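I opened this notebook to record what I looked up in the structure. The entries follow in the order in which I made them.

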Amino acid sequence: LYLTSTDLDTCERVVLGGEDWDDVPISRAVAASTALPMIYKPVEIKGRQLIDGGIRSTTNVDIAVERGAKFVIVINPLVPYVNDFQKVIPTITGSRVRRVSDMGFPQIGYQTFKLLAHQRLHEAVSHWQEKYPGVDIILIEPDPNDELMFETNIMNFNRRVEIAKHGFESVTFKLAADYDNLSEVCAKHGIEMSATRVRKVVRKFAEERERTAGWRRILEQTTGSLLRQSDQA
């Protein structure tokens, strides 16, 4: 297990689990690797103050490749939101399309942070094949119009189950959409993807969505009926 962090004083990358750092407890290594500046204080290990490893590199793919990895899966949850301008908000004179700025000041900063991180990552992605020939690297990330992922603060502990379920669902749909390509890549490394299993999970999600939509329609109809009765009374 290798976890990256950044030395706050020297700006060097420190690989926890690597040479001279393999005696650091996992709990301390995780704390240092995820010490996001201005959210968590730096974690001091061996006299060095360490912060989030993503500050130096978004993925640190080179660490895995240098240690012999031939198949790397990169999961990137930090994708900027691309507004489709389909939602509207009420105004004094009527309504207008909703913009990111209408979501609040934190979301403006969040959008900017995600945009910077996403840009850095995709600049690296464009060089992966050239830099690491013979290594298969798969990038998994949310769709740019995934509003749930954008609106949910990464520090929101209360929505962890909802986000985990949503992530599992969205990744499964991606597997289904790009099954032929992904199954071929996985097969090269002795990993079998079950088309039957993927279809079964996708079908289950579709059924759940239909049930949810059905209950929502019933609720909306009932609420509308009650409101009309209230107006008539």
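**Terms and basis.** I call a residue buried when its relative accessible area is under 20%, exposed when it is over 50%, and partly exposed in between (1.4 Å probe, protein chains only). I take helices (H or I, at least four residues) and strands (E, at least two) as DSSP runs, numbered from the N terminus. The model is predicted: local features need pLDDT of at least 70, side-chain atom pairs count only at pLDDT 80 or more, and totals for chains, interfaces and linings use all residues. Residues are numbered from 1 along each chain as its sequence is written, and side-chain values use heavy atoms, with hydrogens and water left out.

**Helix α1.** I looked up the buried residues of helix α1 (residues 26-33) and found Ala-29, Ala-32 and Ser-33. Seen down the axis of α1, these buried residues fall within an arc of 95 degrees (taken from the directions from the helix axis to the C-beta atoms), so they line one face of the helix. I noted the general rule that an α-helix has 3.6 residues a turn, so residues three or four places apart point the same way. Against which strands do the buried residues of α1 pack? They pack against β1 (3-7), β2 (13-16), β3 (43-45) and β4.

**Asn-60.** I located Asn-60 in the loop between β4 (48-52) and α2 (61-66). Asn-60 counts as buried because its relative accessibility is 10%. Leaving aside neighbours within four places in sequence, I found Asn-60 in contact (heavy atoms within 4.5 Å) with Thr-4, Arg-13 and Gly-53.

**Strands β5 and β8.** I recorded that strand β8 (residues 136-140) has a covered face, made of Asp-136, Ile-138 and Ile-140. Its uncovered face holds Ile-137 and Leu-139. Strand β5 (residues 71-75) runs parallel to β8 and is joined to it by 5 bridges; two strands pair if DSSP finds at least two bridges between them. Val-72 stands opposite Ile-137 in β8.

**Ile-154.** I found Ile-154 in the loop between α4 (147-151) and α5 (160-177). Is Ile-154 buried or partly exposed? At 47% relative accessibility, Ile-154 counts as partly exposed. Its C-alpha atom is separated by 9.1 Å from that of Pro-77, 77 residues apart along the chain. Leaving aside neighbours within four places in sequence, Ile-154 is in contact with Leu-36, Leu-78 and Tyr-110.
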